[in-house]
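Dear colleague,

A short account of the findings follows it.

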Amino acid sequence: MKILVCISKTPDTTAKIAFADNNTKFASDGVQWIINPYDEWYALVRAIELKEANPAISIHLVNVGLADSEPIIRKALALGGDEAFRINADGSDSFYVASQIANLAKEKQYDLIFTGKETIDFNGSSIGAMLSALLDLPFVSHATKFDVDGEKAVISREIDGGEEINKVAFPLVVSCQKGMAEQRIPNMKGIMGARTKPLQVIEAASISNYTSVVSFEMPPAKAGVKLVSADTPEELVRLLHDEAKVI
Amino acid sequence: MSILVFIDQSEGLLKKSSFEAACYGAETAKIMGTDAQAIVIGECKEDLSQLGNYGISKVHHITDNNLQHFDAQVYSNVIFNACNSIGAEVVIFSNNTTGKAIGPRLSVQLEAGLVSGAVALPNLTNGFIVKKSVFSGKAFANIGINTNKKIISVNPNSFSINKTNNTATVSSLQVSSTSSKVEVLAVNKVTGDIPLGEADIVVSGGRGLKGPENWGLVTDLAELLGAATACSRPVADVHWRPHHEHVGQTGLAIAPNLYIAVGISGAIQHLAGVNRSKTIVVINKDPEAPFFKAADYGIVGDAFEVMPKIIEAVKKLKSQS
């Protein structure tokens, strides 16, 4: 079985969010870049667990990004990917990114494609669903559990107010979230091995953007907290009722 | 040319987020000088003409045996066919789990640019620009859609429902569908609970509550307020509470009217998931907890002493009203 895991480069979860060039660009100075947590902790680690249970599985990684994505690709290889592809483009439009990945997937014919449920920067939640449309494959979103049962996958997925258990034949696309697996730290053997694992750079196909970022803005600052004494918590209830009118 | 709103339902009942999407579609239609129509897929227990109250002129109801349960591939194919039959140029979804699964698929099929997580109406003064939430609620981006057809998915609780008194015409629409490749083995609903993403009020607990046995302080208050319950990431990680309650950067991002955080310090990752809440209340014994900087109201005190008093005061308030 061949699994493709899509990984995106995002700012660290503690990164300060600020914008440059007249609020048209993310201010990346001094920002630590990581593998998008949903892609790493849930999609990639679950793929690695599947391979540990069945060594015949191979795991390919794909990233649509420029050369500065390579440290996070190497980290994903250190965690346990077998081979990586970097499609050389700076994509911010979901359709553009998904189309680039779909080109690779058409050539390689994967049995399973994993994405994170969304990236923590653009929160688009789009790549998995778009890939399923571009490849005309079934799509199961927001997976919290994934197991292989013969020729089929058994997947738990979040629905509003509960969960659903699905059974789907391969090939398919799955977007992954919390519950799929637990975060791992690469070990020394993995880090050493990652240096020599194949990382192929592919030139991007010419594809038009459906959307473009016009500008960014920060939310308005809060007016400041109104503190109520711990001796009179009922005063808080009064304020929420009379002043904020939310209860 | 028309605007088509996808109306999501759960077990035959229309969702609140669907009414928000309908109102968003109706307001967008006004800006564009057209009307807003709706599409409902699958059997529904409710009277669909009520969507007129939310600005919908016409409801297209599609039912067939392939649509008994949700499947992103089957549903997006059906909506694609419906868009062509109706001549829809702009399609509106709620950005809930259903909308996230279909919207991007439809975007590819319709060759329509998608903005997911919209928080405001489109601005048509210079192109077609939609403001959306980015960096998990820490900022906004204004996104221009370059394609002729457009898809917008609206963040739940970001757009207020403006109810009027109108009736929509309802007709069934025949479009071809494909059979599902997804077999549903089981559906496990958390019964009686309010879906976290849609809740007006959320009461949330953190490590400060010391253990799952103390969660009555959160659930009792939530029950009195008709609120959903949530928790911080460490609490879900140690399995004091289920994963689906985790709000924050890597959990669910929510925007209720009122968010009450008990024993949560307010790490930047947690704030990212809740800072779009309209009113934030923080109860924490550490006056230096970063959450107080993001809060509207706060109590510096021990949750184990403060919460029972709050619960009593809410009981009293509820008995008077």
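Which strands of chain B does helix 4 of chain B lie across? Helix 4 of chain B lies across strand 13, strand 14 and strand 15 of chain B, and runs at about 175 degrees to strand 13 of chain B. Contact here means heavy atoms within 4.5 Å; angles run from 0 to 180 degrees between N-to-C directions, with axes fitted to C-alpha atoms, for helices over the stretch in contact. Helices (H or I, at least four residues) and strands (E, at least two) are DSSP runs, numbered from the N terminus.

This is a predicted model: local features need pLDDT of at least 70, side-chain atom pairs count only at pLDDT 80 or more, and totals for chains, interfaces and linings use all residues. Residues are numbered from 1 along each chain as its sequence is written, chains are lettered from A and ligands numbered from 1 in the order in which they are written, and side-chain values use heavy atoms, leaving out hydrogens and water.

The open sheet has 6 strands in the order 15(A)-17(B)-16(B)-15(B)-13(B)-14(B), with parallel pairing (two strands pair if DSSP finds at least two bridges between them). Its edge strands are strand 15 of chain A and strand 14 of chain B. From one strand to the next, the twist averages 20 degrees.

Helix 4 (residues 216-225) and helix 8 (residues 303-320) of chain B pack at about 15 degrees, their axes 10 Å apart. The two helices are therefore roughly parallel, a term for angles under 35 degrees.

Conventions: Angles under 35 degrees count as roughly parallel, over 145 as roughly antiparallel, 65 to 115 as roughly perpendicular and the rest as oblique.
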